Amino acid sequence: MASSSSVSLSFLLPVGPADSVCYAPRVREKPESPLPSAALDHLDALFRLARHLTGDDADAQDLVQETYARAYGAGLRFGVGSNVRAWLFRILRNLFIDAYRRRRNSPIGESLGDEESADNAVTLEPLRGDAELERLRGAVAEDIEAALASLSADARTVVLLDLEGLTETELAEVLGCSVGTVKSRLSRARAILRTRLLDYAR
Amino acid sequence: MECTEARTLLLAWRRGTLSAPLRAALEVHVPECESCRHDDAADSALSKLLERSLPRRRAPESLRRAVAAKWDEPYAPRLSRARAVARSVGAMALGAALTVLVLFGWHARAPGETMVAEAVSDHLRVLYRDRPVEVESGGIHQVKPWFEGRLDFAPAVSFGGDADFPLQGGSVGYFVDRKAATFVFKRRLHLITLFVFRAQGLPWPAVASEHIGQARGTLRTSNGFHVLLWRDGDLGYALVSDVDERDLKTLASKIPNGG
């Protein structure tokens, strides 16, 4: 089973604690902001995904701050009528993956590929009988969080963003794949989550 | 249909978002396939578990303040002295105009905007309460009687929630200048607030094109929240949430004609 993946994102930030981070010069030079202020409405959902991806409050806050900083800086490339929610989640996911790739290149790094391989290696079998179904129903918050943390980053992302109410089209935009692939990824990710939950909800 | 394909469609099937041909194929396959039936039961249990028990964290206030502060920073390029003076004069004029707008804003807004803004603000107030409801739901026949003696009207709502939109409970609140019955429903992880209030004397939107039972309503979006407003007899209804528009309309279609 894949282990919970917590990855430090501190290198994303210049210096100092999260509350005192400054991203100033490169974004202040832009002549105008075409971004809707509604982008801030997604802060809680972005934080929840970041928290599940990083496994750490401080890293999650860094990741969300960097997401908004990148969105702000790239605002001129954001087209009118584009889906700001999917766009923000895509930035966050890509930042997280970049952080992972850098870590992979370090001597002690683990890679997203390892996680994906672990997910793909899971043999999915239907639950056996009502007893297992009852065990699944009896899982508590800690079991769910532990089981989620054992999934690959993209499996976690697709399950959580579906739960946040993103459409399959939005999920495809976030993950950079087709809607058909989203369907199969979501189905498989939920099946793996059910299997893992049975391990944790004992 | 093969089991592998069927299993990728079960979630959309339960949510009612499958196309008619796929739904028909699934409705033939699943009843005959014990394995898929069991898979569907397990996945349905997972949905309920995630909606009920997965902690729904909010971003820390420090993060909210930091992001909002950066977002509000002006993109404006540096101005020449002359342009800066012109801009100051313009800002003063704008300030004066805003003062007038604030003083007379209620009447100056387009019809319906005040109600949309009010609905979003009231919905946020519900979300930010420690306990969004004052009476927990044991069904509509427990929630509706609770309003007796607390309101000077009977909220006509017969829908008591279902698997897609479970009723969380109710409370008494205010909508603009009057008391309102507040019902809170859930859709996956999202809360949906329904306000029911006396309709008379409010600045209703001029155009109402959404079909909600026998009534006609107006759908607006404000700050990422969808708001459905409609009148039915003497009562007004405002349904607010950040769920998908389709979900909001689906719930709205179940609410009217209360008895």
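Leu50(B) counts as buried because it has 21 C-beta neighbours inside 10 Å; the cut-offs are 20 or more other C-beta atoms within 10 Å for buried, 12 or fewer for exposed, and partly exposed in between, with C-beta atoms placed from the backbone. Welcome to a predicted model, in which local features need pLDDT of at least 70 and side-chain atom pairs count only at pLDDT 80 or more, while totals for chains, interfaces and linings use all residues. Residues are numbered from 1 along each chain as its sequence is written, and chains are lettered from A and ligands numbered from 1 in the order in which they are written.

**Around Leu50(B)**
- Leu50(B) sits in helix H3 of chain B (helices are DSSP runs of H or I, at least four residues, and strands are runs of E, at least two, numbered from the N terminus).
- Leaving aside residues up to four places away in sequence, Leu50(B) touches Ile144(A) and Leu163(A) (contact means C-beta atoms, placed from the backbone, within 7 Å).
- Arg188(B) is 138 residues from Leu50(B) in sequence, yet their C-alpha atoms are 8.4 Å apart.

**Where chain B meets chain A**
- On chain B, 38 residues are in contact with 41 residues of chain A.
- Two or more residues on this side of chain B come from each of helix H1 (3-15), helix H3 (34-53) and helix H4 (61-72).
- H3(B) gives the largest share, eleven residues.

**Chain B overall**
- Chain B holds eight helices and eight strands.
- Of its 259 residues, 32% are buried.
- Among contacts in chain B between residues at least 6 apart in sequence, 58% link residues at least 24 apart.

Methods. Two residues are in contact if their C-beta atoms, placed from the backbone, lie within 7 Å.
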